[in-house]
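Reader: I'm new to this kind of thing. Could you walk me through how to read a structure, one feature at a time?

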Amino acid sequence: MESTNLVRRMKELINLIKEADVAYFVNDNPTMSDNEYDKLVAELKGIEHETGIVFSDSPSKRVGGNVKEELKSVTHTKPMLSAKKTKCIGDVLEFAANKDVIVSWKLDGLTIVLRYENGELKQAITRGKDGLIGEDVTHTVRHFRNVPLKVPCKDIFEVRGEGVCSWSDFEIIKKNEGPTHPRNVAAGTVRTLTADEGKLSHLDFVAFELIDSNKTWDSKLEQLEFLENNKFSVVEHSFVSFGSDDIESEIGKYNPDTYFYPVDGVVIEYEDLKYGKSLGATAHHENRLIALKWEDTEYETVFRGVELATGRTGTVEINAIFDPVDIGGMMVRRANVHGLSGFEKLKLGVGDTIKVYKANMIVPQVSENLTKSGTFKLSEFCPCCGAKLEIKMSNTGVRSLYCPNEDCLARNAQKIARFCDKKAMNIEGLNAANISAFMEQGFIKSIKDIYHLAAQKKQLLNAKGLGIGNFDWLFEKIESSRSTNLARFLLGIGIQGMGPESAKKLDEYFGKSFKRFEEAIKNEYEFNQIEGISVSLNNKIYDWYYSEKEQAIWMPLIDELKFRGDTATTKRKILNGDNVLENRNIAVVGIQDVSELDAVKNALSKLGFSVDATVTSDTEFMLVSLKG
């Protein structure tokens, strides 16, 4: 490509990436997949390297991560579980059959927790993806129109609620910036590093739950009254007494078309808090409440084809491509059809009229094919490596396309990307897109190779299209990941059926130690004795450990990593008791002098600390140098 064309393409890429950044970071309304975004960035960096030209506004000049990842992580005092959801009024009637209940709006914004101490707002935290760890957003939430910075109550307590933008405020903001939905205004404006006071003044905090108070509450109504007395705006709610036939008619009064804020349903919960608590919870939702969601609106469009994507396990996703449809303020162009079984059931053909919707206004789905021509023929070959695809059937009878080639670039790139994921080994800068580029040029052949990239720095700097702007920063993140815990490793290595919660349970049980975990396997320990670990997962752990194929992947990694729990060989004593600092995670920040940094690390290690050079979600203490 001629240099003028390259420069023109660079400018096009910069504009595309900037538009995607605004959609993702400001409006919280992504217009493209992560994979598509990564490809654009990788292409831009490749052209910059080839031409030697880097424009001042190039996104490649950003070093590491994104805005949201720079917000401080905060562990919730109590997991923020969801409500069980239904679209059937019969489920609600059964739930409310013999107890007093409270009906309230299910607001459509960003869930936030406010912490108060001695009558003052101390911290504002987002729910976070899993409800366990959120982001500190105090700097933005304190500028909300109605958040009380001081309250009459001097006790320590927390308030859960929703950050929302009203429909009227949305119209004001929309004139200037054109966001697509009030929820995007709330989510995007709150989760930025710099507070936009003008936009934040159009947001409200609506409280719906009091937690972590010194007082034990029996009544939900009393709890909501406490919040009102302490100057909080409380979600609109109504009481329905035991044995009443009014529950359905009461819910009918909640009309979303006339309400001040955007909503996507109503919540019904037991008025008796002690009774509700006694019902416990699943890993996903609390049993004390249920959410009645509105029926999803369907839209007609025209089917145009499919897009195949091979994942890390070899399963090939089938995404239907159709004419763009505006659903809830976002243009939707594709939807997963749930394997070969789902595709065959729809009987698709190019030009067919189909119905699409967003399940719970989140996940695009194809609900029906009105034409059913059945003329579209799927490719028989892997979209990545070209291998002949096979058909696999799950235990539940779902048929899927599968790439059998274990050397398929897409399969291995996805596996390595999973290992590098933020929730796993947290190696920022390595994703499926640029890992594929590393693999294509021979720098990475296995996960272990990640830990030897620094030795190839000269060759890496001369390579093209790797999508890495700052190699020193990447090497630092790789080195930082060497100090890890059992949970991150188990998540990253990809044991079938291993999720964040089960990995955390094992990490806690074995004190972050891989050695203790491995010793348990060798002693034929039954992991399902641990709360939250199923018999099925127990069996899969053994399948993974004794598989020669899997051993070839994870065994070489053990020599590269230092598990924090494996370093605790003896218990030191402090003040005639067990060392309370033993194995606690501390990050040392701001010390530039290498010898001084080593001295500080050695001193902390002697006290029992597990020392890191960067702050992660595992960090419990932080030592910051204020020099300079």
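Predicted model: local features only at pLDDT ≥ 70, side-chain atom pairs only at ≥ 80, totals over all residues.

Reader: Is S8 enclosed or open?

Author: For that you need burial: buried means under 20% relative accessible area, exposed means over 50%, and partly exposed is in between, with a 1.4 Å probe and protein chains only. In S8, 8 of the 9 residues are buried, so the strand is largely enclosed by the rest of the structure. Across the chain's 628 residues, 47% count as buried.

Reader: Now a helix. Which residues of H8 are buried?

Author: H8 spans residues 220-229, and its buried residues are Lys220, Gln223, Leu224, Phe226 and Leu227. Those residues sit on the same side of H8, because they cover an arc of only 150° around the axis. That arc is taken from the directions from the helix axis to the C-beta atoms.

Reader: What covers them?

Author: Think contacts, meaning heavy atoms within 4.5 Å. The cover includes strands S3 (101-107), S7 (157-165), S8 (203-211), S9 (237-240) and S10 (263-270), along with helix H10 (273-278).

Reader: Where else does a residue take a positive phi?

Author: Histidine 338 has one of about 65° although it is not a glycine. You'll find histidine 338 in the loop between S14 and helix H11 (339-346), and it is partly exposed at 46% relative accessible area. Lysine 512 is not a glycine either, and its positive phi is about 70°. That lysine lies in the loop between helix H17 (500-509) and helix H18 (514-522).

Reader: How about a hairpin: how many residues lie between S12 and S13?

Author: There are 4 residues between those strands, and glycine 314 in this hairpin takes a positive phi near 100°. S12 (residues 299-310) and S13 (residues 315-327) pair in the antiparallel sense over 7 bridges. One place to look is leucine 308, whose bridge partner in S13 is isoleucine 318.

Reader: Which other strands are joined to S13?

Author: S14 (residues 330-336) runs antiparallel to S13, with 6 bridges, and isoleucine 327 stands opposite methionine 330 there. S18 is antiparallel to S13 as well, with 2 bridges, and valine 316 stands opposite leucine 401 in S18.

Reader: Is serine 400 buried or exposed?

Author: Serine 400, found in strand S18, is buried, with a relative accessible area of 19%. Beyond its neighbours within four places in sequence, serine 400 is in contact with Thr315, Gly339, Leu340, Glu390, Ile391 and Lys392.

Reader: How do I read contacts for the chain as a whole?

Author: Look at how far apart the partners are in sequence. Among contacts between residues at least 6 apart, 68% join residues at least 24 apart.

Reader: And lysine 199, is it buried or exposed?

Author: Lysine 199 is buried, at 10% relative accessible area, and its place is in helix H7 (residues 197-200). Lysine 199 and isoleucine 172 are 27 residues apart in sequence, while their C-alpha atoms are 9.8 Å apart in space.

How values were computed: Residues numbered from 1 in each chain as written. Heavy atoms only, no water. Pairing = 2+ DSSP bridges.
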